[in-house]
Amino acid sequence: MNARSPASRQEAAFGLLNYIQEAKRWQSLSDLNDQLRFDREKFLRENPEFVPKLVETFKSARGNDPKVVQYVSQVLSLVGGPEASEVLLDTLREGGSPEQDIFVMIALGKLREAHAVPPILGRIGSSDPGVKYAALFSLGFFDDDAAVKALKQALSDPDPLAGWNAAF
């Protein structure tokens with residue numbers, strides 16, 4: 001039998017508490033997603049400070065907290081509107097970690113933000129496969145000649161996942 005020291009038991013307990021808090025945090029965010037999907041207009045009417053606070057949360061998370069960037073990007077794509085498009089587009093133009101670019105491109109695609117097409121097209125040649133795949137996937141949201149042309153070309157990419165994302 002392997003007895004744990006008091007210090008390792010305490011460390012394990014703190015780890016469990018952190019896990020529980022993180023799970024609660026993500027459950028709350030999931031509930032928020034459901035509210036926005038169910039009745040976006042009502043939610044935004046009842047919570048007029050939500051979008052400005054969401055934008056500030058996103059700005060402060062850029063480059064610092066990939067999980068928050070991931071989730072807030074998704075929420076911004078549900079909220080929509082000029083504030084959401086602007087902060088996502090500025091973030092993509094500035095560039096960041098591959099993970100950040102992936103989430104931002106997908107959110108901009110869901111918003112069908114036409115100004116995002118050129119910077120997304122620029123990510124197709126990324127050396128990071130995830131960025132390349134997300135760029136191709138995101139372009140599928142747009143009815144844009146340049147996006148369609150790039151997607152058609154990517155269908156014959158030697159990387160099968162690139163072709164798959166272009167086809168999807």
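Which helices are included in what covers the buried residues of α7? The cover includes α5 (98-111), α6 (117-123), α8 (145-154) and α9. The legends below return to this helix after an overall view.

**Figure 1. The whole chain is a predicted model with 9 helices and 0 strands.** Because the model is predicted, local features need pLDDT of at least 70 and side-chain atom pairs count only at pLDDT 80 or more, while totals for chains, interfaces and linings use all residues. Residues are numbered from 1 along each chain as its sequence is written, and side-chain values use heavy atoms, with hydrogens and water left out. Helices (H or I, at least four residues) and strands (E, at least two) are DSSP runs, numbered from the N terminus. Along the sequence, the pattern reads α-α-α-α-α-α-α-α-α. Buried residues (under 20% relative accessible area; exposed means over 50%, and partly exposed lies in between, with a 1.4 Å probe and protein chains only) make up 36% of the 168 residues. Among contacts (heavy atoms within 4.5 Å) with a separation of 6 or more, 59% join residues 24 or more positions apart. The chain exposes about 10,200 Å², of which carbon and sulfur atoms supply 55%; accessible areas come from the Shrake-Rupley method with a 1.4 Å probe, and for residues only the protein chains shown count as cover.

**Figure 2. Helix α7 (residues 129-139) is mostly covered.** In this helix, 8 of the 11 residues are buried. They are Val131, Lys132, Tyr133, Ala134, Ala135, Leu136, Ser138 and Leu139.

Figure 3. Ala150 counts as buried because its relative accessible area is 13%. Ala150 and Leu139 are 11 residues apart in sequence, and their C-alpha atoms are 8.4 Å apart in space.

**Figure 4. Leu76 belongs to the largest nonpolar core.** A nonpolar core is a set of buried Ala, Val, Leu, Ile, Met, Phe, Trp, Tyr and Cys residues joined through side-chain atoms within 4.5 Å. The largest one has 45 residues, of which Phe50, Leu76 and Leu88 touch the most other members. With neighbours within four places in sequence left aside, Leu76 is in contact with Leu54, Val55, Phe58, Ala84, Val87, Leu88 and Leu111.

**Figure 5. Leu89 lies in helix α4 (residues 81-94).** Leu89 is buried, because its relative accessibility is 6%. Not counting residues up to four places away in sequence, Leu89 touches Leu108, Glu113, His115, Ala116 and Pro119. Leu89 and Ala116 are 27 residues apart in sequence and 6.3 Å apart in space, C-alpha to C-alpha.

**Figure 6. Arg112 is found in the loop between α5 and α6.** Arg112 is not a glycine, yet its phi is positive, near 55°. With 53% relative accessibility, Arg112 counts as exposed.

**Figure 7. Phe168 is part of a nonpolar patch on the surface.** Phe168 is in the segment after α9 (160-167), and it is exposed because its relative accessibility is 66%. Together with Leu161 and Trp164, Phe168 forms a patch with about 410 Å² of accessible area. Patches are made of residues with over 30% relative accessible area and no salt bridge; like charges are joined within 9 Å, and nonpolar side chains (Val, Leu, Ile, Met, Phe, Trp, Tyr) within 5 Å. A salt bridge is a side-chain nitrogen of Lys or Arg within 4 Å of a carboxyl oxygen of Asp or Glu.
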